[in-house]
Amino acid sequence: MRILDYNIEQEIGRGGMGVVYQAYSPALDRKVALKVLLEGSFLSEGARERFHIEAQATVGISTA
């Protein structure tokens, strides 16, 4: 399975906001963790903002 440019290898986690996959990134030539938000009416703007903050924290970007 593919999502955008990532080759999905396996699901490694699932939670209230989404699913985390082990994937391969040809652009980076390495394995990565790829989190995909679940769809649904529960996905509020606040949930999207928390996801964005989590993504920034993961790569070491300050939100301040």
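Which residue in E3 is the bridge partner of Ile8? In this predicted model, the partner is Ala23. The pair belongs to a sheet, described next.

**The sheet**

Four strands make up an open sheet. Their order is E1-E2-E3-E4, and the pairing is antiparallel. Strand E1 (2–3) and strand E4 (30–37) are the edge strands, each pairing on one side only. The pairings are listed below.

| Strand pair | Sense | Bridges |
|---|---|---|
| E1 and E2 | antiparallel | two bridges |
| E2 and E3 | antiparallel | six bridges |
| E3 and E4 | antiparallel | eight bridges |

**Partners and turns**

E1 meets strand E2, which covers residues 6–14. Here Ile3 stands opposite Tyr6 of E2. The two strands form a hairpin, with two residues between them. Leu4 lies in that turn and has a positive phi of about 50°.

E2 and E3 also form a hairpin. Three residues separate these strands. On the E4 side, Gln22 has Ala33 as its bridge partner.

**Ser25**

Strand E3 spans residues 18–25, and Ser25 is part of it. Is Ser25 buried or exposed? Ser25 has a relative accessible area of 4%. Buried means under 20%, so Ser25 counts as buried. Setting aside neighbours within four places in sequence, Ser25 is in contact with Tyr6, Arg30 and Val32. Tyr6 is the E2 residue that Ile3 stands opposite.

Definitions and conventions: Residues numbered from 1 in each chain as written. Predicted model: local features only at pLDDT ≥ 70, side-chain atom pairs only at ≥ 80, totals over all residues. Heavy atoms only, no water. Buried < 20%, exposed > 50% of the residue type's maximum accessible area, 1.4 Å probe, protein only. Contact = heavy atoms within 4.5 Å. Pairing = 2+ DSSP bridges.
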